[in-house]
Amino acid sequence: MAADTTTALTDSMDYKVKELLKEVHLDQTPAITKLVNDTVSTIKKTIKKISDDDLQVTADLAPGFVRDIGADKVEFKFKKPISIKIGGSYSINCVVKPDVNVDLLVRLPKECFHEKDYLNHRYHAKRFLYLCVIKKHLESSRSFDKVEWSILQNEARKPVLVVYPAMKPVEAPGLFVRIIPTATSLFGISKLNLKRNNVRAFNQGGVPQATPKYNTSILEDMLLEDNAEFVKKTLCRWKELGEVLMLLKIWARQRSSIYVHDCLNGYLVSILLSYLVSLDKINNSMKTIQIFRIALDFIATSKLWNRGLYFPPQGQSKVSKEGKMHYKESFPVVICDPSTQVNLAFRMTSAVFLELQDEASSTLQCLEKCIDGGFEAIFLTKIDYPAKYDYCFRLNLRGHTEVHSSGFCLDDECWRLYEQKVHSMLYQGLGDRVKFIRVTWRNTPSQCSIEDGLSILDREPLLVGISVSSLEKAFRMVDIGPNAENKEEALQFKKFWGEKAELRRFKDGTIAESTVWESEQWSRHLILKRIIEYLLLRHLSLSKENIVQIVDQLDFALLHGTKDPVSFSGNLLEAFELLSKRLRLIDDIPLKISSVQALNSAFRFTSVFPPEPHPLAYEKLNVSRLHKLTPSCIQPLEVMIQAWYSLEGSGNWPMDHVAIEKTKSAFLIKIGESLQNNWGMTCTAAEDDVDIFISGYVFRLKILHERGLSLVKREIGNQAKQIYSTDKELFVRGQHASMINGLLGRFPIYGPVVRLAKRWVASHLFSACLVEEAVEVLVAYPFLKPLPFDVPCSRVTGFLRFLRLLADHDWIFSALVVDINNDFGPDDHKEINVSYADNFMSNRKVYEGNTQNVSPAMFLATAYDKASEAWTRFSPNTMEVKRLVAYARSSANLLSKLILEDQTDFYRWECLFRTPFNNYDAVVLLHRDKLPYPHRLLFPSELNQGRHVARGNASKAFHPFMLPADMKGSLDELKNKLMVDFDPLRCFKELSKKLKLWYDSLGGDAVGLTWERESSKKRSREDASENEEADPVDVLKTVGELGKGFVRNIYLLKAPRVTN
């Protein structure tokens, strides 16, 4: 059975890979081939027309560039290139869309160079000046749309030309040609030995230092053609090699932290694949996905990386032990080319290589653990900075002269040295708090005149991404440094930390240097931010305005004033413990209570606004607790008295469902009376509930009895699924609460992420179609199934992954299985699939031809609810899911953009929680000063579009805060004036069936309305005439009457229309 499943998965993966390659591979059709050939031919002709008789090239063509790289003696007489030929992926038919480019290798003529031009950046200067001449002539041709500068692997001293043809093919509209100079046989290889100094300005105290990176930069150009030819011969041996190359490119491109200048690129991937072929690690009997797996396993685990990768000796190309030692001393990662003359991984740092290995290892886990073989996680999931790293921040270094104070280019370039400086400083300061620190500074000059100099390359911000090792370490308030007895280490510690270093005695008697970051519990996530900011200000001489940290940019959505209401949770838990104790002590009712469970999300720290203690909800009135703005409303917290063990079995319980509920109500009243008589607690009773006032809170008691569950279980026939009793609902809510509490114990950041997600759902008026428990289940998924990521360790990262889950999951054809305690086996998955097929796929038939289908469209399977009946039984329906997906995609894209781009306008962050009203047919604006909890309103709503239909006056009978006149009387009298569970939105629940309600349950002042469109074919003539007579303005005025006293304005944006 297991073997059959494995075979099925493999076949499925092979099929998906084949289809993916069809989709992304640039097929060299006659049209594409003709365009490329014509473009290359025109480039060749244009270059050949350049006169080389008397064209003297001087630094005047690019004075700024020549000056900034520190070159001298750069004049030369222009000569035509020795050869121009196509290289790169296009030459081996392995171009992967959408980045479609053709590399054109232009061999520079030896006559333009002197034998010592490898010194002092003369080669780089002449290389650039040569391209300047070509660019000038190409720009005069009408065959090209534009000619721009780019940079080879972000190395500013090695620009390349990018030529866009005037004709745009449908198959590849963004196609362009890169003109890359090569320097075959220009200089003697020995002159570029790794231990030589070829930049005279690079010295320490007058002693020349070796310039391995500078030398390798030239060697790369000298051997580029030979290595390209070697790759072409190797990868053209059999079809699967080309397919694996394309798969590895797709895999790497989805991971922006490794597909970058100091890590992987398509050329390096092809070299690595060629190396595996040379070692006979792969052969032509293997399938594409097998070779892909072998390549990743080699990257992740091979011990050959420790000594460097060297191709098997060919003729005289063997590397000596001394040569290998020089490579390892000069570079942290070595991938030597077949000639053994150049390390093609010379730009790769050791920190980035560890991330590369981690990504490869994570992908292998996806192949092993993911249900679908990991296809979607590996090839379709975007693993960019915003979603991967827990903490991101940007440094705006434009005009920061310290970056290039020692020169733009010596052995390495100033931008790369600054990246290393930032990385080293952060690594020393953050220590074991972090798993990875990624620093990248992209220098993209496409819209710039690089001829004028390199100072323009600081326009992009430097981006830093940090992966946290664990929340326990990240939220640590004290860092213990060296022992006071270690004088030298202690001195270094104090020098690094400055005024933050302090000598402390610890509980074990140790006296050591330390740094302390005092913080309240609810703001621990900001400790890392404070450390980072302190280090940057101290060591990099930056102003706060130039440091943009992301971690707290969304906190505004959760704060009440300047404080997070979660800070009151300690009081809440104490009040609940006191109530539980008193309930268990009750002995004057027929049945004894043995256990109590809190159901409200405030007890599991996932409520956006957990209640604050109300001064009138205490047993005794304390005047000091009263303040000017005493709320007139208080929200009840539901507590379940469990019947499984709480109410001991009795044969006198009725069998009828309604009778059971009446009996439970009678017991609740008795419980309330007992609490009131024994402890003087205030209790109020309604038909279904009893509310208890204690320690500043109101608790609403519910009873669960097992007989209510057994009645449902005994139902037979098709009606069984329709019955969802109060007991069943309470039982499921109890199971849910227990599981979420367990989840929060494993992932402390889960709570704040859920709160952000709930705030987003409510802000975009989805409260009616997505209940808070459903949001908690959705947010749980990225924590329980994080692959291909790590578990999120920041609220921004977790929130973004929630948005992307909503946006990208195939809700129409796939159930979302959330296995919180890892309980599910094969039989459970089979049961879920059967339930999904029965409940959901059958509804698809109903949906066909009916865009207003009311059947559920989101299947959330959990251990306590495998049939997805608890939270999405009635909603969201298909139309609501489409709307949710569209909003989530838009918000996810905006959030990603805000993290990555140099954007400091706070309004843009607020837009994540501002909903556009033009997507509704009508909008009702409420009086803000009549909202029960006005402090929860994020943004006041205004509308300047549509037709104004009605205006309403504010109610004088209700105020969210008690007036001075209301504060007179005894405590009991004041408690009677409190409004428990008051919600003015309930007045709209009786809306006409013609309207659908969209609202914010957390305290918004706007309600969206959309017309429920009915199919004209399915309506009777009577209904049709009735609907035609109904004036939308009259309907909306009726809405105003329903909300009289709370409705401020009503606007009609779109009239209803009938669908045929």
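How many of the 13 residues of α24 are buried? The count is 11 of the 13, so the helix is largely enclosed by the rest of the structure. Buried here means under 20% relative accessible area, with exposed over 50% and partly exposed in between (1.4 Å probe, protein chains only). The model is predicted: local features need pLDDT of at least 70, side-chain atom pairs count only at pLDDT 80 or more, and totals for chains, interfaces and linings use all residues. Residues are numbered from 1 along each chain as its sequence is written, and side-chain values use heavy atoms, without hydrogens and water.

Helices (H or I, at least four residues) and strands (E, at least two) are DSSP runs, numbered from the N terminus. Among the buried residues of α24 are Val775, Leu778 and Phe783. Their cover includes α22 (726-746), α23 (750-763) and α25 (795-808), through contact (heavy atoms within 4.5 Å).

Elsewhere, 5 strands form an open sheet with mixed pairing, in the order β17-β19-β22-β21-β20. β17 (596-598) and β20 (682-685) stand at the edges with a single partner strand each, so one side of each has no neighbour in the sheet. Two strands pair if DSSP finds at least two bridges between them. β20 and β21 (residues 690-694) run antiparallel and are joined by 4 bridges. Thr684 stands opposite Asp691 in β21.

Helix α19 (residues 569-585) packs on the sheet and touches β17, β19 (637-641), β21 and β22 (697-703). The direction of α19 makes about 45° with that of β22. Helix α20 (residues 657-679) lies across β19, β20, β21 and β22, at about 140° to β22. Axes are lines fitted to C-alpha atoms, for helices over the stretch in contact, and angles run from 0 to 180 degrees between N-to-C directions.
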